[in-house]
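Here is a short briefing to read alongside the sequence and the model.

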Amino acid sequence: MKKKVQFTETVLRDANQSLMATRLPYSDYADILPTMDKAGYYSVECWGGATFDSCLRYLGEDPWERLRSIRKNMPNTRLQMLLRGQNLLGYKHYHDDVVEKFVELSIKNGIDVIRIFDALNDFRNIKTALEATKKYATPRTVASGCISYTQSPVHTVAKYVEMCKELKSMGFDTICLKDMAGTMSPNEAEGLIKGIKDAIGEMPIILHTHCTTGMAYMTLMKAIDSGVDVIDTATSCFSNGTSQAATETMFYALQQYGIETGLNEEVINKVNDYFKPIKQKYVDSGLINPKSMATDSQALVYKVPGGMLSNMIANLKDMNAMDKFDEALVEIPNVRKDLGYPPLVTPLSQMVGNQAVTNVLMGERYKQISKEIKNYFKGEYGTAPGEVSSQLQAKILGEGGQPTDCRIEDSKRTGKEFQKAREALGDLCRSEEDMMSYICFPDQAEKFFQERLAKEENVATYTITEA
Ligand code: CO
């Protein structure tokens with residue numbers, strides 16, 4: 001066993017995102033931040049992923065303000081964010097100058113650890129974000145290169161080891177294995193982590209997994225046994241189900257092996273006590289669905305993440321076609337194979353799921369092909385991990401047609417997004433952060449800025465009346 005393992009606490013980001021669709025407002029957890037600051041975590045994942053979108057769209061919060069407040073209340077802890085490479089926190093790819101500015105502002109507003117991934121593990125899509133991280137780094141900054149983990153005939157241990165070597169040579173400080181579907185088994189974790197450690201030496205390895213299929217605790221223990229350096233966990237009342245393994249439980253188990261974690265037992269228990277009534281509030285309101293707290297081994301059979309299944313069920317119900325569910329489920333691996341085995345993470349999970357449903361509903365495979373799948377074959381998302389179906393490629397690109405690097409070339413061009421945002425917003429835009437919110441989520445950001453202004457005007461009127 002390793003002598004030291006550190007913890008990343010995910011309650012503020014991934015646990016919140018997995019269990020309650022990222023609807024946890026800042027005001028719910030503001031009071032516990034000074035306590036969390038004393039827990040001794042490796043880092044606290046608190047920003048990025050879907051939090052940015054959710055702040056603007058649902059919570060009426062300025063995501064940048066949220067980050068600055070967390071920073072102020074947790075001055076001693078590394079604050080961590082998840083970044084989708086060239087897609088930042090959105091669903092399309094942005095120009096390099098936008099990516100660079102976003103990273104600069106993230107660091108300026110308080111982020112220390114930037115975990116960067118690309119859905120296809122096409123590392124050209126994370127290069128700009130890495131370079132920006134290095135350019136604006138403070139002594140606390142950590143650039144973490146992240147691999148989207150999946151199983152397929154082309155995703156061998158050797159291939160993952162190659163990816164890790166590449167991440168190391170690109171200049172990342174740490175490497176994270178991101179098992180978003182929670183399908184990594186103890187056996188696979190052992191093979192991977194030993195293989196990676198052998199190949200890249202001292203560089204810290206982080207394991208991010210989910211409890212969705214019930215394997216996370218076994219997988220984490222085996223990973224620790226095999227030399228992993230940091231694990232992602234969630235305070236226990238926000239753990240399990242589609243979330244991470246429980247912080248206090250892992251701490252307890254590791255302590256008996258004499259493994260140093262740096263965690264303060266009293267503090268991590270206090271954190272859990274604080275979040276218990278908050279969790280109960282959202283169970284009672286229905287925001288936390290009992291389904292998301294359960295174990296579901298179906299993902300092991302179809303290699304389909306939990307979120308993708310619920311999305312597919314919702315689509316089929318909408319179309320009154322739930323009787324086609326089993327057929328659609330069986331079609332997913334076929335579509336994935338035709339696409340060269342992409343990891344099923346946003347946006348690929350939605351694309352593959354929707355195409356599988358279409359194939360089944362039309363009664364003929366690829367009679368209708370979505371725009372996104374066509375763009376995928378054109379090369380707009382990056383390079384497919386394995387060979388794509390030549391038949392389907394010919395159907396989309398014409399006989400002999402080949403994908404191009406249009407996506408990569410496009411991102412290199414400097415866009416006019418900054419200017420466009422400032423023109424569209426006028427006085428509503430008060431900072432570079434505002435401008436960036438607008439570039440990422442224009443409709444939501446503009447609505448938020450208008451509401452912000454309206455609130456201030458109300459307050460002003462009120463003050464005058466009082467006087
Ligand atoms: Co996750």
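Contact here means heavy atoms within 4.5 Å. By that rule, Ser-349 touches Met-308 and Leu-344, with residues up to four places away in sequence left out. The model is predicted.

**Ser-349**
- Ser-349 sits in helix α16, which spans residues 348-362.
- Its relative accessible area is 7%, so Ser-349 is buried.

- Strand β6 covers residues 174-179, and six of its six residues are buried.
- Thr-174, Cys-176 and Lys-178 point one way from β6. Ile-175, Leu-177 and Asp-179 point the other way.
- Strand β5 (residues 142-148) runs parallel to β6, joined by five bridges. Gly-145 stands opposite Ile-175 of β6.
- Between β5 and β6 the chain passes through helix α8 (residues 157-170), in a right-handed β-α-β crossover.
- Strand β7 (residues 205-209) also pairs with β6 in the parallel sense, over five bridges.
- Ile-175 faces Ile-205 of β7, and Cys-176 faces Ile-206 of β7.

- Five of the five residues of β7 are buried, so the strand is largely enclosed by the rest of the structure.
- Ile-205, Leu-207 and Thr-209 point one way from β7. Ile-206 and His-208 point the other way.
- Two bridges join β7 to the parallel strand β8 (residues 230-234). Val-230 in β8 is the bridge partner of Ile-206.
- β7, α10 and β8 form a right-handed β-α-β unit.

**Cobalt site**
- Three residues coordinate the cobalt ion at 2.1 Å: Asp-14 through OD, and His-208 and His-210 through NE2.
- The donor spacing in sequence is D-x193-H-x1-H.
- Asp-14 and His-210 link distant parts of the chain, 196 residues apart. Asp-14 lies in helix α1 (residues 11-20), and His-210 lies in the loop between β7 and α10 (216-225).
- Asp-14 and His-210 are both buried.
- His-208 is one of the buried residues of β7.

**Nonpolar cores**
- The largest nonpolar core has 102 residues. Those with the most contacts inside it are Leu-12, Met-36, Leu-83, Phe-102, Phe-238 and Phe-275.
- Phe-102 contacts Trp-47, Phe-52, Trp-64, Met-81, Leu-83, Leu-88, Leu-89, Met-436 and Cys-440, leaving aside neighbours within four places in sequence.
- A second, separate core has 41 residues, including Val-304, Met-308, Leu-309 and Val-352.
- Met-308, a member of that second core, is also a contact of Ser-349.

- Helix α5 spans residues 63-73. Its buried residues are Pro-63, Trp-64, Arg-66, Leu-67, Ser-69, Ile-70 and Arg-71.
- Asp-62 caps the N-terminal end of α5. A side-chain oxygen of Asp-62 lies 2.9 Å from the backbone nitrogen of Trp-64.
- Trp-64 is also among the contacts of Phe-102.
- Helix α7 spans residues 127-135, with Thr-128, Ala-129, Leu-130, Ala-132 and Thr-133 buried.
- The buried residues of α7 pack against β3, α6, β4 (113-117), β5 and α8.

**Asn-272**
- Asn-272 lies in helix α12 (residues 265-285).
- Asn-272 counts as buried because its relative accessibility is 8%, and the cut-off for buried is under 20%.
- The Asn-272 side chain reaches the backbone nitrogen of Cys-237 at 2.9 Å.
- Contacts of Asn-272 are Thr-235, Ser-236, Cys-237 and Glu-248, not counting residues up to four places away in sequence.

**Gly-85**
- Gly-85 is in the loop between β3 (79-83) and α6 (96-108).
- With 1% relative accessibility, Gly-85 counts as buried.
- Gly-85 touches Ile-116, Phe-117, Asn-125 and Ile-126, again not counting residues up to four places away in sequence.
- Gly-85 and Asn-121 are 36 residues apart in sequence, and their C-alpha atoms are 10.0 Å apart in space.

How values were computed. Residues numbered from 1 in each chain as written. Predicted model: local features only at pLDDT ≥ 70, side-chain atom pairs only at ≥ 80, totals over all residues. Heavy atoms only, no water. Helix = DSSP H or I, 4+ residues; strand = E, 2+ residues; numbered from the N terminus. Buried < 20%, exposed > 50% of the residue type's maximum accessible area, 1.4 Å probe, protein only. Polar contact = N/O pair within 3.5 Å; in protein donor to acceptor, adjacent residues only side chain to side chain. Pairing = 2+ DSSP bridges. Right-handed = clockwise from strand over helix to strand, strands pointing away. Donors = N, O, S within 2.8 Å, 3.2 Å for Na, K, Ca; no water. Core = buried A, V, L, I, M, F, W, Y, C linked by side-chain atoms within 4.5 Å.
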